[in-house]
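This report describes a structure of two chains, one after the other, and then the place where they meet. Please keep the structure in view while reading.

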Amino acid sequence: MTHLNVVAATPQIIVAAAGVLAMSMGLFNRYEIRRYGPSAISLAGIVAAFVMIVLLWGDREEAFGGGIRSDRFSLLLSAIFLVSAALVIGLAWRESAAVDRRGEFAGLVMVAVAGMMLVASAGDLIVLFLGIETLSVALYVLCALEVWRERSLESGLKYLITGAVGSSILLYGFALLFGATGTVDLAEIGEQLGGTSFAGEPLVIAAMALIVVGLGFKASAVPFHMWTPDVYEGAPTSITAFMSTATKAAALAAFLRIFQGVLPDLAGDWRVAIAVLAVASIVVGNVAALAQDSLKRMLAYSSIAHAGYLLIGVAAGSVQGAEAVIYYLIVYLAMTMTAFAVVIIREREVENGEMLEAFAGYARARPVLGVAATLAMLSLAGFPPLAGFIGKFLLFSAAVEANMTWLAIVGALGSVVSLGYYLRILGVMWLGTPADGERPARLLAVPAPVMMATGTAAIAIIGLALFADPMIDISRGAAEALLAP
Amino acid sequence: MELSAYLPILVFFALGLAVGGAILTLSKIVRPKHTLVKDLPYESGILGGTPARQRFSIDFYLTAMLFIVFDIELAFLYPVALTLRDDGLLGLVVLIVFVFTIVEALVYIWKKKALEWR
């Protein structure tokens with residue numbers, strides 16, 4: 001009988017159960033339950049899982065015979081997913097995708113989070129793949145949730161097809177890894193492939209190549225990014241925000257778990273491949289974003305570029321690199337959420353609210369929101385002293401430490417290019433004049449949950465810079481847990 | 001890195017091509033020849049009546065999908081039935097959790113009126 005230790009898996013169990021419950025809340029006949037039940041149960045589940053994470057914080061524990069690991073890495077990443085889900089549920093308040101389908105919305109977000117937590121805490125390849133599938137299938141449906149909008153359906157279908165291709169390639173990679181080692185347990189695979197005896201072995205190289213490609217699909221790294229702009233543009237905006245923060249964090253968690261955690265001795269084989277993906281993502285993402293007129297599409301390309309920055313930390317192949325990735329994931333969550341929140345608020349006010357011209361003079365009409373957007377854009381571009389700068393600095397210095405100075409240079413150049421579109425948004429928002437008058441048309445009252453989520457994310461951009469030291473310490477603890485025996 | 005290590009892959013590809021090609025060529029030589037009557041759809045000896053390309057209700061599609069979901073879940077239950085005695089209490093608990101999830105899904109589609117024929 002395998003060792004169970006269910007306690008170590010409680011965060012995942014709580015979140016999955018909350019998802020199932022939230023989905024059934026949408027079935028009740030009473031309007032109040034249908035309306036508030038799913039969100040309330042999801043938020044309660046998030047809080048409960050968060051408490052369990054704090055309680056479990058510490059050295060590694062294993063549940064279900066090693067299938068699920070609860071260490072500092074998995075717990076910190078789980079916290080990121082949970083915060084992202086809480087913000088998204090707040091932002092989606094009274095959004096059209098969520099009014100009639102509140103149960104499905106909140107429930108599927110929770111199921112996706114449960115999948116992401118499985119990815120971050122996977123102790124063997126099967127759990128890892130199951131986690132990736134759980135989060136993907138939930139997201140396919142979430143993308144197509146606004147079934148009355150053709151773009152939303154298109155988004156879901158495109159994501160389904162590309163996601164299935166990515167998953168199958170990833171699975172093939174896992175199968176080859178299993179073939180090379182005869183085990184699915186990550187720790188045992190690490191032991192078997194330890195040392196250098198496996199360096200250059202074709203089977204292992206093929207496995208690693210397939211895994212890089214499969215995870216590249218999930219992280220939307222160039223050249224596996226083709227689906228990203230269309231899917232991000234068509235999906236309900238709150239889901240886009242969720243995908244570009246939490247899903248990216250899950251894909252990067254899988255990258256770190258497999259390459260940093262299991263195959264550190266083969267770094268010579270995978271570092272260059274991931275570095276090439278990083279460079280391609282930074283170049284293509286930033287350059288393509290310059291030409292976009294839709295804010296959602298622009299942020300989609302920006303998220304491709306950020307996948308590139310994050311992969312720099314993976315390519316560094318060091319504890320420092322992993323620490324930088326984890327810290328930047330937290331920062332990225334705050335700033336991307338803020339940026340999408342502004343789009344969500346504008347979208348409810350005017351038709352085509354995601355287009356750049358809808359934002360002409362918007363910051364002057366709504367100064368508080370304007371300041372939040374300014375913080376987000378400057379931080380995304382990497383302006384000192386904001387949190388985005390600290391994160392990028394950590395990533396680039398990890399690359400320099402790992403003798404990959406060229407990677408840091410490409411990253412820095414990419415950041416300069418990215419100023420071109422981030423500042424363009426700010427210019428339109430603060431200085432632009434609307435086409436048909438002095439003030440932007442139609443300002444509606446923003447529901448309190450939306451405002452709270454936006455405010456939390458915006459304040460976190462400053463907070464993560466002010467309290468960078470403790471956050472970086474926590475990230476380092478998580479990064480070290482990856483390699484702990 | 002030695003290129004000779006890739007020889008098995010080359011052999012694998014060659015074998016795949018050879019087997020596939022052999023099967024296709026053999027069946028081309030051996031298979032019976034087509035005639036107009038033989039190409040007719042077989043309907044228990046009765047001559048085919050209406051054309052096969054008809055429209056039918058999308059409900060078939062939904063029902064078929066739901067069937068597959070529950071069918072696969074049932075397929076998971078069979079092996080458990082064989083080993084339940086050895087799995088003991090833990091197996092039972094796991095099974096109950098699993099069945100509860102299925103029932104929950106059934107309640108969900110029932111309440112969503114997915115089982116009703118429209």
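## Basis of the description

Helices (H or I, at least four residues) and strands (E, at least two) are DSSP runs, numbered from the N terminus. The model is predicted: local features need pLDDT of at least 70, side-chain atom pairs count only at pLDDT 80 or more, and totals for chains, interfaces and linings use all residues. Residues are numbered from 1 along each chain as its sequence is written, while chains are lettered from A and ligands numbered from 1 in the order in which they are written.

## Chain A

Chain A contains 20 helices and two strands. Its C-alpha trace spans about 70 × 55 × 40 Å along the principal axes. The radius of gyration is taken over C-alpha atoms, and the globule rule is 2.2 Å times the number of residues to the power 0.38. For 485 residues a compact globule would have a value near 23 Å, and the 21 Å of chain A agrees with this.

A residue is buried if 20 or more other C-beta atoms, placed from the backbone, lie within 10 Å of its own, exposed if 12 or fewer, and partly exposed in between. Buried residues make up 61% of the 485 residues in chain A.

A nonpolar core is a set of buried Ala, Val, Leu, Ile, Met, Phe, Trp, Tyr and Cys residues joined through C-beta atoms within 7 Å. The largest such core has 200 residues, of which Val109(A) and Val113(A) touch the most other members. Helix H14 (residues 319-347) of chain A gives the most to this core, with 21 residues.

H14(A) also packs against helix H13 (residues 295-316) of chain A, at an angle of about 170 degrees and with the axes 8 Å apart. Axes are lines fitted to C-alpha atoms, for helices over the stretch in contact, and angles run from 0 to 180 degrees between N-to-C directions. H13(A) is therefore roughly antiparallel to H14(A); angles under 35 degrees count as roughly parallel, over 145 as roughly antiparallel, 65 to 115 as roughly perpendicular and the rest as oblique.

Chain B has two helices and zero strands. Its radius of gyration is 26 Å, whereas a compact globule of 118 residues would have one near 13 Å. Of these 118 residues, 0% count as buried.

Two residues are in contact if their C-beta atoms, placed from the backbone, lie within 7 Å. Nine residues of chain B are in contact with six residues of chain A. Helix H2 (residues 59-111) of chain B supplies the largest share of the chain B side, five residues.
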